[in-house]
Amino acid sequence: MKKLIDCCVAEIRNKSERNGAVGYDAQAPRNPSIIVNYNLDKKALDSYYEFLEQLWPGVYLNIPRADRESDFEAIENQVRANPLYLSLSEIQIHVLVNMTKCTLEDLRLFLKQKFNSPLYKIILHEFLDYERQNQIETSEKNLLNLMENRDRICYQFVYSNRLSNGAMWLGESGLKIARLAANITAIMSIDSHYFNDNNAYTFSYNLLEKPTRKIVQFSIRRLLEKVCNCPEYANLDQDILRRYRGSIQREAAYGTGSFLFRETDFKYLPDNKKLQKEKANIKKGIASLERNYPIAAMCFNAMIKQKVSEINRSRAKKVDFSGELSEPLLTFYAVEGFLKGNRQKKDLLGSLKTALLHERQISDEGTYSKVLTEYANQVIEDEITERIFAAFSEQFMKKIDHTSEVYQWLLECLRSPELQIHAIEKEANLTNYYGGRVDDYFASHAEEIIAKLDACSDKEDLLKNRLHSILLQIFDSNPVYYKSFEEEINTRVGKVDIAKKMFEEISEKDSVTRNICINWMNLQFKLEKMETGDVLILIHPNSKLLRLADNYKPLESSRQDCVERIDFHTLSLKPEVK
Amino acid sequence: MEIKYMNPQNQIMIQDAKIVNQNYSISWLASVYHPDILVCVKSSWITYDELKKILENHCEEMRHQGNGVYWQKVTRQTSLQILTTTIKAPVDVILLPVTKNEILIPADGEECAKLQKTIKGVIKCIKKRKSFFPVFKAAEHLTFVNDSLPVKGDEIVAEYMVDNLRYPVTAAMLGQTISIQIPKNSTCQPCITKNLNSKYNLTISEE
């Protein structure tokens, strides 16, 4: 037993040295540390101290132990007095917590009250208790909660005691937790059998890892399929009308004021005497003016023309609608949705144009001066509205053309050979799992994603920045592992095709029974100090490893992405499995 | 002959250009460098670029009479009389030095404008006024006349003002009588529109 512990400790150290300190803190603490037992019972605590002493030589001598009621000021002074720690840049507080018997609020309050200073680096050693079914839920819930709301907790080490005939199985929620943990810190699971009996133990960890290239490609493809598959948006033109009509009318009203005619302006038109004598209740209009008073009509039309050319001169500076147009209504997603129903880009403005430039009815009764003023002012208003609409339309179409470009870039990306990853698409496990994750993420973050893609300035920007950052965010909330099962094994063994051989062994039906145990001699190189020399990989009957093994050949190239690494790290000694 | 651009020392200054007895009377200072001069008279409605094109197309002609452009080569002369019926006012007069095989023209329209002299055309306004007693109103009848304005009917060519209110007169209104009733103490003030001010003078004849 001791030898195995030595091996495990050596391996942890080995890993730790190879990977550096990032995300992994299994080395003996270099900074002053205090171990605080929050709520472990004596038995578990003693076992754990025994383990820590193996892991951290000198821990017993140099690291003070405390509990919730301890006088931390005195302990801290004791630490400060230790000549080993002359420069106190930080104090590591290792808090040992049984998550099943813990109230998170109390734990947070305790940490806040006792260690609420940047000086303290808090590391939680969390024990998950799986003795009864209801405890599984509580443990996992608490663990997940702490991981999602870490606050000032820097690292979390997780220890579980759950065994199923020797193999550790965290369950679906546990896997989720493990993934979360893998993405944010190291996770180390040691079941309590290690401390309490000699039957078996499991030991596993994950390092801070990145997604594999294929999973990245698959996720990009899935994301692109989502963004390119815009739902039909038949009434976008109506929404455009509702959104922009007011803005254009406001601009038109603002521009019209100084150009409007007053009734007195037409007082001395040619034939004014006759015009004034026309009876108010007789219908009149421009047609009757042109027919009966052609000279007056010419002069009147010229007055309007003069005003219009004044407008042309004064409105040299275009109205800027860039602010309005940058709002999220006009995204590539919405526009492509609109174009789906065999519609044209220009149809987007159809309703708005009709609403703005429709012919208004002018009263044709009253004095000529009143009718003429009304007509002239309508011409002026129409002219200005038309000009503002033209300016708006130009800027609008530029924006729409840009959204089309973005959509084209997205389509091109989707069709790129890099994303034609057929092998991976055949794997229902992967597509269901990660595909589902991307779908869920898109469903809850659609607006944000669309806005981000829509703001692309060019194709390169889309590929290098936007998609990349969206993907990073997806992986941030759905961690994946980058290192394949094969790579991991081959790295350990130092030879290629070891994993393949192992799977071939798994494929032999006789060896596949419930809780399969496989002799795997190839791992001896790391564990040669062991008495038996045999190493077992324990695989849970539900593990995907088994299902994959049946189809190893066709899936050879991509199967690695489906492997749950947590299974692989469940190692044990043959004699210890009952 | 070739068309070349003139430099400042080739420029010939026009001393006077006016209408005298149905003739355009043009006089200039003798040039020591260029005894041969092309006296060019173009309608003010013809642009520099149009003139240049016509000159290029007819550069071998030492006397040319075309649509809106007239030129004649003179040697060692300092004045010339051209019948106004040859080309209708308003006209721009410009003197182009002629060398052995070159006609020298201004480098651009702006340069041309500096060198040319314009003889303005005339828009005539006949104004008749009638006042009625004891009514405090009067009627004025304006008729703007010019038979050679090369502009479209709805182009504004003149205006009349009453009590600080301006009313445009279009080309189509030329020759038509404009009747306006005004207060007895007011009058209609005809004027040339700003655009045509450089080409036409307004003469008002009150009856």
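Predicted model: local features only at pLDDT ≥ 70, side-chain atom pairs only at ≥ 80, totals over all residues.
Residues are numbered from 1 along each chain as its sequence is written, chains are lettered from A and ligands numbered from 1 in the order in which they are written, and side-chain values use heavy atoms, with hydrogens and water left out.

Student: How many helices and strands are there in chain A?
Tutor: Helices (H or I, at least four residues) and strands (E, at least two) are DSSP runs, numbered from the N terminus. Counted in this way, chain A comes to 26 helices and 10 strands.

Student: What percentage of the residues in chain A is buried?
Tutor: Buried means under 20% relative accessible area, exposed over 50%, and partly exposed in between (1.4 Å probe, protein chains only). Chain A has 578 residues, and the buried part of them is 53%.

Student: What percentage of the contacts in chain A between residues at least 6 apart in sequence joins residues at least 24 apart?
Tutor: Contact means heavy atoms within 4.5 Å. Among the contacts in chain A between residues at least 6 apart, the part that joins residues at least 24 apart is 79%.

Student: How many helices and strands are there in chain B?
Tutor: Chain B has 207 residues, and 45% of them are buried. Of its contacts with a separation of 6 or more, 69% are between residues 24 or more positions apart. Its secondary structure consists of two helices and 17 strands.

Student: Where do the buried residues of helix α4 of chain A lie around the axis?
Tutor: Helix α4(A) covers residues 72-81, and Phe72(A), Ile75(A), Glu76(A) and Val79(A) are buried in it. They cover an arc of only 100° around the axis (taken from the directions from the helix axis to the C-beta atoms), which puts them on the same side of α4(A).

Student: Which residues are exposed on the other side of α4(A)?
Tutor: An α-helix has 3.6 residues a turn, so residues three or four places apart point the same way. On the other side of α4(A), the exposed residues are Glu73(A) and Ala81(A).

Student: Which residues does Glu76(A) contact, leaving aside its neighbours within four places in sequence?
Tutor: Glu76(A) is in helix α4 of chain A. Its relative accessibility is 12%, so Glu76(A) counts as buried. Beyond those neighbours, its contacts are Ile91(A), Leu119(A) and Tyr120(A).

Student: Why are α10(A) and α16(A) called oblique?
Tutor: Two packed helices are described by the angle between their axes and the distance between the axes. Axes are lines fitted to C-alpha atoms, for helices over the stretch in contact, and angles run from 0 to 180 degrees between N-to-C directions. Helix α10 (residues 236-256) of chain A and helix α16 (residues 350-357) of chain A pack at an angle of about 40°, with their axes 8 Å apart. Angles under 35 degrees count as roughly parallel, over 145 as roughly antiparallel, 65 to 115 as roughly perpendicular and the rest as oblique, so the two helices are oblique.

Student: At what angle do α10(A) and helix α17 of chain A cross?
Tutor: Helix α17(A) covers residues 368-415, and its axis and that of α10(A) come within 9 Å. The two helices are oblique to each other. The angle at which they cross is roughly 130°.

Student: Where is Ser393(A)?
Tutor: Ser393(A) is buried, with a relative accessible area of 17%. Its C-alpha atom and that of Lys346(A), 47 residues apart along the chain, are separated by 9.3 Å. The place of Ser393(A) is helix α17 of chain A.

Student: Which residues does the cis peptide bond in chain B join?
Tutor: One of the two residues, Pro90(B), is in the loop between β7 (79-83) and β8 (91-97) of chain B. Omega is about 5° for this bond, and it joins Ala89(B) and Pro90(B).

Student: What is the phi of Gln22(B)?
Tutor: Gln22(B) is in the loop between β2 (14-20) and β3 (23-28) of chain B. Gln22(B) is exposed, at a relative accessible area of 57%. Although Gln22(B) is not a glycine, its phi is positive, at about 65°.
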